[in-house]
Amino acid sequence: MLFEVWAPHAETVTLHIAPGRTHAMAHSPTHQGWWQTEAAAGDGSRYGFAPDGGPALPDPRSRRQPDGPEGLSAVVDHDAYTWRHPWRGLPLPGAVLYELHVGTFTREGTFEAATERLGHLAGLGVTHVELMPVCPFPGTHGWGYDGVALWAVHEPYGGPEGLKRFVDAAHGQGLGVVLDVVHNHLGPSGNQLPAFGPYFTERHQTPWGAAVNLDAPGSDEVRSYLIGSALAFLRDYQLDGLRLDAVHALADTRAQHFLAELSEAVDTLAAHTGRPLFLIAESDLNDPRTTAPRSVNGHGLHAQWNDDFHHALHTALTGESHGYYADFAHAPLTALAKTLTGAFFHDGGHSTFRGRRHGRPVLRPGAAGVPAYRFLAYAQTHDQIGNRALGERLAALATPGALACAAALVLLAPGTPQLFMGEEWGARTPWQYFTDHQDPELAEAVRQGRRREFAAHGWPTESVPDPQDPATRARSCLEWSEPEQAPHDRLLDWHRTLIRLRHAHPVLAHLPLGEARVEHPGPAVEAETERWLLLRNGPLHVAANLSPDRGAHIRLPSPHPVLLASWDAEARLADGTLSLPPESAAVLG
């Protein structure tokens, strides 16, 4: 078989095939900076590349790292897997996403164990499972954002074969699969890319150090490396989409932004395969160009997370006002109404948290309509839970009634709804920050850094969980006996009901942003007494009363409303007025 590697500055490159075979590599006659050679090998063969007589290192484009990120690579024959369930794809419009971390979704922490729970997700009614990163990282357990082999799959989860079996089984349940990928940095341990070429540049600095090289000399090949990885996952694992981590940290000054090049490549692959493929960005920029079509000089991504919606909803539910919540806490219902109708709360106005103006409006006079589904709506994510000192879920901060309100506003919002695993039953288990670094110095640095970070916000250092302690990961695993117990069972039924209502009204998938209408008491009133909100989204009205001790009487604008679902049996509809008990929600048609 043909072995190839990009090493533009090397004088020599040697291929090592275990056990004990070596082959001198030659310059590619067609691709500058590439080396190649033919050697006998097959599925499972271990190999590595040695630039300039050094040790054998993993292939930058390794498909498998059976011994971890720093071991030799292994050949993977993707054609050897026989797919059991033909799959024509599942588009993003109309989706209900479910964010899932393989290592804590079950105690076993494997693809195989997660597969056994897919029936629960199909019964819940979600359409796509969004896997957190699965590229190899140090140790066994971690969040996955310290990956270093961007074409491979974490071996303790089940490796490439395990991921294929999971995706295949999900498709058999009618579920699409989305994968979270990290292009903005590599982990601090096991990253061998600098030994091969200019994968990083000092031109730009990121929170992780030198930036991934997207615009300096050699960046054509680096961009090709990242785009090739994305296409390989979509093609070889029959994935339906990718979530792109923190795209605001991609430093790129070239005329065609990396994201536009990536989206063009994915759209081309979608046309070739006949499957709808999509990209979802995480971005802190509040920049409409992220999802604007390439034809109008946007990046052409298909959707993005909308943290502004989360922040407004979170402050309305909890009253928290620290950090970035400060901008939303003055009038959270007003802020929430703005995100429901215009996506961004920060759309060019002043942000107290940032000390400057932030964002741009999505909707502008004279501009073409923007589909509402391009903006994801959620009450919880791995970030918003795990980046708290103790990793508390919303269920630890709010009552079941408040959680029911959050569910109604998320699942019937104008945007694409997304749940975080266990949210559907109000899981009480925390989701904390955990690592498994094998380097003792790095492990201690992470441990102390975490404690310093939260000590600066007033947390006693001894109260911050140790990321390296296996008990931290163990606490974060879902407890699968909870859904059968009160009040979790009631919340689970409520989520199922809301998702059924969303699917029963497919028009919700295609409405333009800005068509929804929101009524609430106004900032002056909500601060004192009434805390209700009425959302009209297409044919549905969603009413939520967030007050913990005061009922709400909401006049409905439709002449003959019908009560379709209510969290509290005491909700009453009479003469066009809905009476809602405290901390309850209802849906009307």
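1. Let's start with a pair of strands: strand 23 (residues 552-555) and strand 26 run antiparallel and are joined by 4 bridges. If you want one spot to look at, find Ile554, whose bridge partner in strand 26 is Leu578. Keep in mind as you click around that this is a predicted model.

2. Strand 26 has another partner too. Strand 25 (residues 572-574) pairs with strand 26 over 3 bridges, again in the antiparallel sense. Here Leu573 is the residue standing opposite Leu578. Strands 25 and 26 make a hairpin with 2 residues between them, and Asp575 in that turn has a positive phi of about 55°.

3. Next comes an open sheet of 5 strands, in the order 20-21-22-27-24, with antiparallel pairing. Strand 20 (517-519) and strand 24 (563-566) are at the edges with a single partner strand each, so one side of each has no neighbour in the sheet. On average, neighbouring strands here are turned by 15° against each other, ignoring direction.

4. Strand 24 is joined to strand 27 (residues 584-588) by 3 bridges, and the two run antiparallel. Ser566 stands opposite Ala586 of strand 27. Glu583 isn't a glycine, yet its phi is positive, near 45°.

5. Helix 9 (residues 332-342) lies across strand 20 and strand 21 (532-537), and runs at about 5° to strand 21. Its buried residues are Pro332, Leu333, Ala335, Leu336, Ala337, Thr339 and Leu340. Just after helix 9, Ala343 has a positive phi of about 75°.

6. How do helix 11 and helix 14 sit against each other? Two packed helices are described by the angle between their axes and the distance between the axes. The axes of helix 11 (residues 400-411) and helix 14 (residues 488-504) come within 10 Å and cross at roughly 15°. That angle makes helix 11 roughly parallel to helix 14, and the crossing is right-handed.

7. What does this helix contact consist of? From helix 11 come Pro400, Leu403, Ala404, Ala407, Ala408 and Leu411, and they meet Leu491, Trp494, His495, Leu498, Ile499 and Arg502 in helix 14. Sorted by type, the contact residues are 10 nonpolar, 1 polar and 1 charged.

8. Check the cis peptide bonds while you're here. One joins Ala18 and Pro19, with omega about 0°, and Pro19 lies in the loop between strand 2 (13-17) and strand 3 (21-24). The bond from Ala486 to Pro487 is also cis, with omega near -5°. You'll find Pro487 in the loop between helix 13 (470-476) and helix 14.

9. Last one: Gln238, in the loop between helix 5 (219-236) and strand 13 (241-244). It has a positive phi of about 55° although it is not a glycine. Is Gln238 buried or exposed? Gln238 is buried, because its relative accessible area is 19% and the cut-off for buried is under 20%.

Terms used:
Residues are numbered from 1 along each chain as its sequence is written. This is a predicted model: local features need pLDDT of at least 70, side-chain atom pairs count only at pLDDT 80 or more; totals for chains, interfaces and linings use all residues. Side-chain values use heavy atoms; hydrogens and water are left out. Axes are lines fitted to C-alpha atoms, for helices over the stretch in contact, and angles run from 0 to 180 degrees between N-to-C directions. Angles under 35 degrees count as roughly parallel, over 145 as roughly antiparallel, 65 to 115 as roughly perpendicular and the rest as oblique. A crossing is left-handed if the near helix is turned anticlockwise from the far one by less than a right angle, and right-handed if clockwise. Contact means heavy atoms within 4.5 Å. Ala, Val, Leu, Ile, Met, Phe, Trp, Tyr, Cys and Pro count as nonpolar, Asp, Glu, Lys and Arg as charged, and the others, Gly among them, as polar. Two strands pair if DSSP finds at least two bridges between them. Buried means under 20% relative accessible area, exposed over 50%, partly exposed in between (1.4 Å probe, protein chains only).
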